[in-house]
Amino acid sequence: MTQDELKQAVARAAIDYVVDGEIIGVGTGSTANFFIDELAKIKDRIKGTVASSEATAARLRGHGIPVFDLNEVESMAVYIDGADEIDAQGAMIKGGGAALTREKIVASVSKKFVCIADGSKLVDTLGKFPLPVEVIPMARAVVMRKLAALGGQPKLRLKPGTDQPFITDNGGELIDVAGLSITDPVALEEQINQITGVIAVGLFAKAGANVCLLGTLDGVKTLS
Ligand code: 5RP
């Protein structure tokens with residue numbers, strides 16, 4: 001099975017977590033895209049969705065699935081999204097697809113976070129994948145100095161093929177921090193959240209995944 005087939009398998013399995021008649025929170029990335037394509041097949045069973053990025057909103061709308069503004073929604077039964085890394089406790093690194101801030105916001109309004117990922121994303125210790133941090137552009141340099149003081153190697157994410165900063169859906173910039181061995185993800189999330197100029201950090205540890213559907217060669221495994 002290819003990595004895409006494993007992603008497709010977990011996307012299909014995630015349909016079991018969709019609650020009929022409800023609004024579903026939808027993540028961003030290639031695994032989330034497979035989920036959106038599966039959701040389209042049962043779109044008449046749900047009221048609609050809240051999207052965690054402009055790209056996700058466009059894909060949902062392309063399938064004729066209603067997309068609600070989060071300001072119109074008080075709570076959701078479930079949020080379904082991928083991850084760049086996840087540990088056995090459900091703590092995750094997210095943001096490889098640049099949507100970490102909206103992902104965190106939509107997840108915070110959802111009662112359950114279902115992570116969908118191929119088996120390569122499961123790690124013992126988070127940090128091999130560079131940790132994304134979204135910042136206010138004018139604070140880029142000061143935040144990078146503070147992240148370096150925490151022991152990481154921060155690097156500004158660039159728009160592909162240019163030397164210009166990548167700009168998020170929120171008008172923020174992204175710093176990817178390599179070289180961290182994250183032994184206490186909750187503490188590091190709190191520490192980075194305290195840095196002035198940080199919009200959000202791609203560590204989802206204080207509120208991690210409640211369930212992880214992991215695509216493996218032996219089938220979809222459920223960690224909860
Ligand atoms: C986007 C994310 C994605 O969930 C993460 O990057 C995983 O992406 P993919 O499903 O393409 O492997 O956090 O901001």
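Visitor: Where is leucine 174?
Guide: Leucine 174 sits in strand E9, residues 173-178. Strands here are DSSP runs of E, at least two residues, and helices are runs of H or I, at least four, both numbered from the N terminus. This is a predicted model: local features need pLDDT of at least 70, side-chain atom pairs count only at pLDDT 80 or more, and totals for chains, interfaces and linings use all residues. Residues are numbered from 1 along each chain as its sequence is written.

Visitor: Is leucine 174 buried or exposed?
Guide: Buried, because 24 other C-beta atoms lie within 10 Å. The cut-offs: 20 or more other C-beta atoms within 10 Å is buried, 12 or fewer is exposed, in between is partly exposed, with C-beta atoms placed from the backbone.

Visitor: Which residues is leucine 174 in contact with?
Guide: Ala98, Pro132, Glu134, Arg157, Phe166 and Thr168, leaving aside neighbours within four places in sequence. Contact means C-beta atoms, placed from the backbone, within 7 Å.

Visitor: How far is leucine 174 from glycine 62?
Guide: 28 Å, C-alpha to C-alpha, and 112 residues in sequence.

Visitor: New topic. Where is isoleucine 36, and why does it count as buried?
Guide: Isoleucine 36 lies in helix H2, residues 30-41. It counts as buried because it has 23 C-beta neighbours inside 10 Å.

Visitor: What is isoleucine 36 in contact with?
Guide: Beyond four places in sequence, Val26, Thr56, Arg59, Leu60 and His63.

Visitor: How do the axes of H2 and H3 cross?
Guide: At roughly 20 degrees, and the axes of H2 and H3 (residues 54-62) come within 10 Å. Axes are lines fitted to C-alpha atoms, for helices over the stretch in contact, with angles from 0 to 180 degrees between N-to-C directions. So H2 is roughly parallel to H3, a term for angles under 35 degrees.

Visitor: Which residues make that contact?
Guide: Ala32, Asn33 and Ile36 from H2, with Thr56, Arg59 and Leu60 from H3.

Visitor: Which residues of H2 are buried, and what covers them?
Guide: Thr31, Ala32, Phe34, Phe35, Ile36 and Leu39 are the buried ones. Their cover includes helix H1 (3-14), strand E1 (23-26), H3, strand E3 (79-81) and strand E6 (113-118).

Terms used:
Two residues are in contact if their C-beta atoms, placed from the backbone, lie within 7 Å. Angles under 35 degrees count as roughly parallel, over 145 as roughly antiparallel, 65 to 115 as roughly perpendicular and the rest as oblique.
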